[in-house]
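Open your viewer and get ready to select a few regions one after another. We will take the stops in turn.

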Amino acid sequence: MKELYRKIKKIDKLLQMPEFKGLRDIYSDAYLMDSIKEAVKMVRTQINENIITDENNIDSAIVSETIKNITLEQKPNLRKVLNCTGTVLHTNLGRAILSDRAKESLNNLSDQYSNLELNLITGKRGSRYDHITSILKKLTGCEDALVVNNNAAAVLLVLTALSKGKEAIVSRGELVEIGGSFRIPNVMDFGGAILKEVGTTNKTHLFDYENAINKETGLLVKVHNSNYTIKGFTQSIPTEELVPLSKKKRVPIYYDLGSGALFDFSPYGIQEPTVKSLIKSGVDILSFSGDKLLGGPQGGIIIGKKKLIDKIKKNQLLRAIRVDKLTLSALEGTLIEYLDMGKVKTNNPTINMLTVDLVTLEKKAKVLQEMFKTENILFDIKKLNSLSGGGSLPDKKFPSFCLVLDVTEDVSIPELVENLRFNKIPMLVRVKDNKLIMDLRTIKEEDFQMLVEEFSKVYNGTI
Ligand SMILES: *Cc1c(COP(=O)(O)O)cnc(C)c1O
């Protein structure tokens, strides 16, 4: 064994080997030497364990270990996965995917300087929020706007800025927990607002709000139920009814809208008030996510009355949660698509996937089924429901067409599902009653070829 150790060349000698010529064209010697050192350690272990017993194999083992290490290390960990689950806003899979326009904005800006905080007309310092203000005014009818990192940050900021040390009145039916242990009561507490609960879990009346308002009241807060529904004997106060009370008592209303739709989904059976209609109803401040129903990048959009937005902009917390230029550019690209409401349904992938009709989905299913047939993988086509996900529209079922793979003697579905996830391009599917389901709603046609190739490789490796 000792003999073999001695046959390992010095690192700088190893580096000079012709096998490393290609890598030296790409990487620095210092980096390569580090990687070779790691490889030598591995080879020593292999000698120890009698995996390498012939001195003629040492060099080649070092070369292949080095290449393996570098390849692994240089491959980004965060990468594309094929979402075959049918869940459009899948939080684990990064929620909304961007439109072409948003992607283009992002690409154009990512390696360039920009006028992020420069007013090009005056040559003086500008505000990063100005870039999206006029478009949000046009799309929602608001007086002013700003954007922070995400909607959770927006909620915290609004509560801190508008009701710190004061009472914030919320209906007991709206004290919700959003995924990842974000609980409205705790956030209020954290923001320094004094939570004043009114009503009961299932019913809150206007007089409940009215009775709770006193001189300590800073804010009326409404929270979108987002990820759950209360059924049966229920009542909550719509914003239109709360507005006159808020005006009379001079206490502003803040609505944490969660998802926030700029597109009117009602013709597609999705009952979700548009942001514009809520602003019109007289809500003073609204906040919503960038990467839920809006279909843009992660962000928390705060809109409403200028006087209140000004106050929010002055809060110190804003500096800690401020949005970066890449998010802003992707958001601007996303919003520009909304200027043409006739086209945004096609151009915004989230809206497109949520509103796609059954005829299109069935056609897609048939095409994909045929493509799999040529690989001898036989799927059935079934009409099943998909979910919108991302804590939005919990009750809404979206009828869809799916490819369904039943158990055969050769294939273990759990093993196949796992191997699909382990793949170089991971594929996420649904499983129900030991059947593998791929929902066409979230599978792009341009990915069909790749999906069939990658799936077949895994499938054939599993049987
Ligand atoms: C999703 C959601 C949030 C959190 O928004 P993020 O953008 O995920 O931070 C806050 N409030 C409500 C009602 C939500 O639905």
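Start by colouring domain 2 (82–90 + 350–462) and domain 3 (100–347): both contribute residues to the lining of the largest pocket, so the pocket lies between them. The bounds come from an automatic or database domain assignment. This is a predicted model, where local features need pLDDT of at least 70, side-chain atom pairs count only at pLDDT 80 or more, and totals for chains, interfaces and linings use all residues. Residues are numbered from 1 along each chain as its sequence is written, and side-chain values use heavy atoms, with hydrogens and water left out.

Now select Ile 97, Leu 98, Pro 349, Met 353 and Lys 444, which are the closest to the pocket's centre among its 45 lining residues. (On a 1 Å grid over the protein atoms alone, a pocket is an open set of points where a 1.4 Å probe fits, with protein on both sides within 12 Å along at least five of seven lines; lining residues have an atom within 4 Å of a point.)

Finish with strand E15 (residues 435–439), which pairs with E12 in the antiparallel sense over four bridges. Look for Leu 403 opposite Met 438 of E15.

Notes
Pairing = 2+ DSSP bridges. Helix = DSSP H or I, 4+ residues; strand = E, 2+ residues; numbered from the N terminus.
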